[in-house]
Amino acid sequence: MVTFGGDNDAPMPDLFPARLRGPSFGPAKAEATAARMLTVIPREFRGCAVLAEAEPRLSFPASDVVAVAARIFAGTVRRVTIHGVAGDGKTTAAALMVGELGRLVAAHYAGNERDPFGRTLSFWDFALAWCSAHELATDADEQQPGEGATELARRMRSSPIAVVDDIGNEKGRFPGSNMVPAGILQTRFDAALVTVTTTGLASAELQKNYGVGVKRRLSDAEDPLSAFIPAESRKTGAK
């Protein structure tokens, strides 16, 4: 069952940084934004943005995923950790969460530019990036010394919403490359950007691999801005 850190039922109008705010939505932008959010999901999981497709592949209630998406949209959750072993449906859950968030954007803004929580938002506030930890590490492998962050890493650090999939499965050639995903997470956490992370690592393994800061942000049940979705009883066919 999903656990929400602290008491975060009240909407938080300052979910998105003021520097990213722009003109309000119009119907065309709302529909385009919702559609664009789906395109960042890996192709093999894109169908899982739909509840009927995702639910058979999940080892935890799809209703938990839907509830977290609603809280992201409302502004009461900024950090989400989806935990489970291989086959539990972590990536499927992240895809469904993105799909639900897109549907909320379309439903609330396509026919009405007024934000239901009184915020001043633009389509940019829902710009979304998605990358696996393995891709981030192998991308860093290709960087030459002194070149700085790659374009992919910069995008993952700054996007208003991001999914970092499968932390703990980096497998880069160099130790420094394998720390890039954790560094991106820490940057995003410090900036209070909406971040969805999936991992198969237990709390102790997170601390050993990435340090206490990342471990705390990914597993601190007292954090009022966080939500945690653990795998429950396994279901045949979950992926």
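Here are some questions and answers on the salt bridges and the aromatic pair in this predicted model.

Q: What makes Arg103 and Glu100 a salt bridge?
A: Their closest N and O atoms are 2.8 Å apart. The cut-off is within 4 Å for a side-chain nitrogen of Lys or Arg and a carboxyl oxygen of Asp or Glu, so Arg103 and Glu100 qualify.

Q: Which parts of the chain does the pair of Arg173 and Glu142 tie together?
A: Arg173 is in the loop between β4 (161-167) and α7 (175-178), while Glu142 is in the loop between α5 (133-141) and α6 (151-158). These parts are 31 residues apart in sequence.

Q: What makes Arg173 and Glu142 exposed?
A: Exposed means over 50% relative accessible area. Arg173 has 55% and Glu142 has 52%, so the word applies to both.

Q: Why is the contact of Asp190 and Arg217 called a salt bridge?
A: The N to O distance is 3.6 Å, and the limit is within 4 Å, so this pair passes too. It links helix α8 (residues 180-190), with Asp190, to helix α10 (residues 212-219), with Arg217, across 27 residues.

Q: Are Asp190 and Arg217 buried or exposed?
A: Asp190 is exposed at 54%, whereas Arg217 is buried at 14%.

Q: What makes the aromatic pair of Phe73 and Phe126 stacked?
A: Start with the centres: they are 6.1 Å apart, and rings pair within 6.5 Å. Then take the planes: the angle is 25°, and under 30 degrees counts as stacked, so the label follows. The structure holds one aromatic pair.

Q: Which parts does the pair of Phe73 and Phe126 tie together?
A: Phe73 lies in helix α3 (residues 62-74) and Phe126 in the loop between α4 and β3 (128-132), parts 53 residues apart in sequence. Both Phe73 and Phe126 are buried.

Key
Residues are numbered from 1 along each chain as its sequence is written. This is a predicted model: local features need pLDDT of at least 70, side-chain atom pairs count only at pLDDT 80 or more; totals for chains, interfaces and linings use all residues. Side-chain values use heavy atoms; hydrogens and water are left out. Helices (H or I, at least four residues) and strands (E, at least two) are DSSP runs, numbered from the N terminus. Buried means under 20% relative accessible area, exposed over 50%, partly exposed in between (1.4 Å probe, protein chains only). Rings of Phe, Tyr and Trp (its six-membered ring) pair if their centres lie within 6.5 Å; planes under 30 degrees apart count as stacked, over 60 as edge-to-face and the rest as tilted.
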